[in-house]
Amino acid sequence: MASYEDVMSLSVRRGFLWPAVDLYGGFAGFYDYGHNGTLLRRHWEEVWLEHFLGLNDNYYLIDTSTILPEPPLKASGHVDHFTDLLVTCTRCGESHRADHLLEAATHVEHEGLSSSEVDAKIREAGIRCPKCKGELGASRPFNMMFPLAVGPTGKDAAFLRPETAQGAFLNFRREFEALRRRLPMGLAIVGRAYRNEISPRQGTYRMREFLQAELQIFFDPVVFADQVPTASVADVPVRLCWAAEKNEPTAHDLTSKELVARGLPTWYVYHLVQVQRFYLEVLGIPREHFRFAELDAKERAFYNKIHFDVQVRQESLGGFKEVGGVHYRTDHDLAGHEAGSRQKQAVTVATTRLVPHVLELSFGVDRNVWALLDLDYTPGERATLHLPPRLAPIGVAVFPLVNKDGLPERAEALYGLLRKRFTAFFDDAGSIGKRYARMDEIGTAFCVTVDHETLEGKGVTLRDRDTQKQVRVPEGDLPARLESLLSGEARFEPAA
RNA sequence: GCGGCGGUAGUCUAGCUGGUUAGGACAUGAGCUUGCCAAGCUCAUAGCGCGGGUUCGAAUCCCGCCCGUCGCACCA
């Protein structure tokens with residue numbers, strides 16, 4: 001666990017991440033990744049893809065446009081739901097959401113009203129500022145999406161995509177054909193999304209440009225439960241809290257069976273287990289720092305029927321914070337695009353004709369990287385980033401014990417060999433202890449040192465980050481040994 | 001967006017009741033050392049967020065902006 005200051009200091013000093021454009025004073029809501037941050041993030045993406053595409057043979061990665069014209073975003077609901085009309089009090093300057101004020105005063109929902117209609121209704125109902133009773137000014141639209149002018153006239157409205165998900169829905173029909181009409185079908189996208197956040201804060205937690213990793217699973221709700229091995233997870237405890245407990249730092253363990261008994265679909269619970277496995281086993285998040293958090297109907301997005309957030313407790317962000325979500329979007333998206341595009345989205349599988357439903361596994365990549373930095377970093381005398389070996393920016397570092405007697409040349413030759421298979425790093429500056437310390441702080445799990453015994457054919461030393469223990473390994477065995485250590489197949493055994 | 005607090009080398013910080021060659025620690029680079037965990041010595045690099053104002057003189061006082069942070073609002 002590390003404080004916000006510790007995470008930022010490490011990130012800046014060691015080339016993980018920092019505020020974008022800080023040369024010019026910074027640009028709120030945007031962060032850049034340095035060389036180590038980029039490697040860490042890429043490794044996170046690799047294990048994410050491996051884990052989630054591995055859930056089914058029919059799950060694939062695609063890549064789609066980050067700019068979308070208005071019609072699909074109208075159909076998805078973003079144009080209407082993503083735009084709020086704000087009214088500002090002429091006396092105290094406080095801004096309020098017009099629809100909230102109207103709803104509070106008239107107890108009627110007011111959706112999709114224009115700015116002038118809202119102004120008329122506010123006057124009609126005689127609504128004043130709830131804070132100071134001052135007179136309210138004219139309403140103005142605030143859209144969380146970034147508008148763009150595309151083409152020479154810029155007449156056709158377009159936006160930077162507010163989520164990657166739409167790319168999967170827009171390409172559903174094409175991929176369904178290309179993948180030979182099978183369900184379930186999974187389309188994953190790892191890419192950037194953009195939201196004009198009112199107040200971006202807390203490092204990479206809330207940004208205006210961010211990376212999402214999402215898997216949209218298209219399925220037939222009638223048969224999906226029989227298509228996933230739900231029995232295999234029946235007794236697995238799932239760590240979660242209910243909507244009413246979300247503000248408490250608590251969590252319970254309920255088995256999959258119990259969750260199903262409470263009314264969650266078996267296929268939904270199965271995916272909760274798979275997401276939990278990713279966090280606990282692949283990312284190595286301590287169990288007590290992980291939970292799912294239920295969202296009630298009021299908090300859920302308009303399209304979600306069942307929604308649990310994935311949360312990781314972080315000291316730097318002050319508690320459990322959302323890093324992902326498991327959303328049952330029903331047929332909302334495909335049905336919406338069917339209406340918007342007037343193109344049929346229903347498909348026939350075997351004898352059933354249906355508009356597939358969608359289960360969305362959605363993750364904020366930057367938030368995940370931040371969570372790893374928070375949880376895995378222990379600052380102090382022996383500052384160490386305890387990343388899972390595979391995720392570390394550098395897989396293996398190679399050092400000569402001293403800079404004489406031909407050791408540097410020998411070490412460099414070994415480095416040249418290893419770098420073809422691993423993310424390797426060579427260093428001959430300063431003392432050996434300092435080099436180990438530097439590697440500890442960026443999470444390098446294994447360091448290889450060439451010493452005088454190496455020259456006598458007695459192999460090299462292999463050092464483990466977390467125990468600081470060493471073993472001698474014949475140079476020829478090194479690649480295979482590192483391979484199994486980095487993949488997690490083998491553990492470092494000082495006695496071996 | 002509103003209000004409180006803040007912004008000094010890469011990092012952490014002293015200085016902030018105006019006058020300092022803006023100090024330190026760590027980090028970084030070069031060299032000498034170095035025989036396994038941030039050792040030592042020598043030298044070096046590098047800073048007052050941006051802009052304006054007050055003043056003989058501004059890191060220091062005032063204003064605007066930017067950025068950060070906490071609270072409110074927002075987070076479909």
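A: Helix α15 gives the most to the surface near RNA strand B, with 6 residues. Helices here are DSSP runs of H or I with at least four residues, strands are runs of E with at least two, and both are numbered from the N terminus. A residue is near a strand if one of its heavy atoms lies within 4 Å of it. The model is predicted, so local features need pLDDT of at least 70 and side-chain atom pairs count only at pLDDT 80 or more, while totals for chains, interfaces and linings use all residues. Residues are numbered from 1 along each chain as its sequence is written, chains are lettered from A and ligands numbered from 1 in the order in which they are written, and side-chain values use heavy atoms, with hydrogens and water left out.

In total, 44 residues surround RNA strand B, and the closest are R97, R195, R206, R438 and H452. They divide into 14 nonpolar, 17 polar and 13 charged. In this grouping Ala, Val, Leu, Ile, Met, Phe, Trp, Tyr, Cys and Pro are nonpolar, Asp, Glu, Lys and Arg are charged, and the others, Gly among them, are polar.

Some contacts reach the bases. The side chain of Y436 has an N or O atom 2.5 Å from a base oxygen of RNA strand B. For the side chain of H452, an N or O atom is 2.7 Å from a base nitrogen. Q468 uses its backbone instead, with an N or O atom 2.7 Å from a base nitrogen of RNA strand B. The elements that give two or more residues to this surface are α1 (4–13), α4 (78–81), α15 (432–442) and β25 (460–464).

R435 also lies in helix α15. R435 is buried yet has no salt bridge, and D427, the nearest side chain of opposite charge, is 4.9 Å away. Buried means under 20% relative accessible area, exposed over 50%, and partly exposed in between (1.4 Å probe, protein chains only). A salt bridge needs a side-chain nitrogen of Lys or Arg within 4 Å of a carboxyl oxygen of Asp or Glu. As for charge, Lys and Arg count as positive and Asp and Glu as negative, while His and the chain ends are not counted. Leaving aside neighbours within four places in sequence, R435 is in contact with residues including F399, P400, D427 and D428, where contact means heavy atoms within 4.5 Å.

Other charged side chains do pair. By the salt-bridge rule the count comes to 25. One of these joins R239 and D253, at 3.4 Å from N to O. This pair links distant parts of the chain, with R239 in strand β12 (residues 237–241) and D253 in strand β13 (residues 252–255), 14 residues apart. R239 counts as buried because its relative accessibility is 14%, whereas D253, at 38%, is partly exposed. D333 and R329 form another salt bridge, their closest N and O atoms being 2.8 Å apart. Both D333 and R329 are buried. Through shared partners, salt bridges join E163, R329, D333 and E360 into one network.

Key: A polar contact is a pair of N or O atoms within 3.5 Å; within protein, one must be able to donate a hydrogen and the other to accept it, and residues adjacent in sequence count only if both atoms are side-chain atoms.
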